[in-house]
Amino acid sequence: MLVVYFSLAGEQYNVGVVEEGNTSIIAHMIAEQTGADLFEIEATTPYPTSHSELLDVSRQEMTSHARPEIAGTVDNMDDYDTIFIGYPIWWADMPMIVYNFLESYDLSGKTIVPFCTHGGSGLSNTESAIANITGGTMKDGLAIPGTTAQNDRETARSEVTKWLKEGGFVE
């Protein structure tokens, strides 16, 4: 199993300035409980740490369907049967860099398990977008509010554990 995630530190919606991004917190919980490997999607050009600047950049990327360049690759993707894919919800969608990641690998034949952090929109339509790109077998996704990830880790961990058990990933 592999947990792939995109997450940003800095100023976050409803939680202030953080040292670890909301999605990173959840990704690490999943990896700890499943024993999965971790891969962080990182942009070659860093994103702004100011929330208002990030909103501008992310809106521009979505409008132009940009595919921001990713620093690093998963060299042994064939070794993994199950891919957890995590991301924040920006403008009711995945960040464009996550689309770039998904489009960069042949994930057909793999089990794809989405998870996100959000400010109120849940998974939006990201599950169907991921299914359309990957052609993999989709499992039900998990949506955790960013405020819960940052400020109520006990509840976040409980939600992750419940979801992993329901999905058959842990006992």
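Mentor: With four residues, α2 gives the most to the lining of the largest pocket. This is a predicted model, in which local features need pLDDT of at least 70 and side-chain atom pairs count only at pLDDT 80 or more, while totals for chains, interfaces and linings use all residues. Residues are numbered from 1 along each chain as its sequence is written, and side-chain values use heavy atoms, with hydrogens and water left out.

Some terms come next. Helices (H or I, at least four residues) and strands (E, at least two) are DSSP runs, numbered from the N terminus. On a 1 Å grid over the protein atoms alone, a pocket is an open set of points with protein on both sides within 12 Å along at least five of seven lines, and a cavity is a set where a 1.4 Å probe fits but cannot get out. Lining residues have an atom within 4 Å of a point. Grid points are joined across faces, edges and corners, and a volume is the space filled by probe spheres set on the points.

The volume of the largest pocket is about 410 Å³. Its lining consists of 22 residues, and those nearest the centre are Y13, H51, I89, W90 and G119. Two or more lining residues come from each of β2 (10-12), α2 (51-64), β8 (111-118) and α5 (146-151). Sorted by class, the lining has twelve polar, nine nonpolar and one charged residues. Here Ala, Val, Leu, Ile, Met, Phe, Trp, Tyr, Cys and Pro count as nonpolar, Asp, Glu, Lys and Arg as charged, and the others, Gly among them, as polar.

W90 also lines the largest cavity, along with S7, L8, Q12, G21, N22, T23, L54, P88 and T117. That cavity has a volume of about 50 Å³, and the structure holds one cavity of 30 Å³ or more.

A92 sits in the loop between β7 (82-88) and α3. Its phi is near 65°, a positive value in a residue other than glycine. A92 is partly exposed, with a relative accessible area of 47%; buried means under 20%, exposed over 50%, and partly exposed in between (1.4 Å probe, protein chains only). S124, in the loop between β8 and α4 (126-134), has a positive phi of about 50° and is not a glycine either. S124 is partly exposed too, at 28%. Most residues other than glycine have a negative phi.

Helix α3 (residues 96-103) is largely enclosed by the rest of the structure, because seven of its eight residues are buried. They are M96, I97, V98, Y99, N100, F101 and L102.

As for the whole, the protein chain has six helices and ten strands. Buried residues make up 52% of its 171 residues. The C-alpha atoms fill a box of roughly 40 × 35 × 25 Å along the principal axes.
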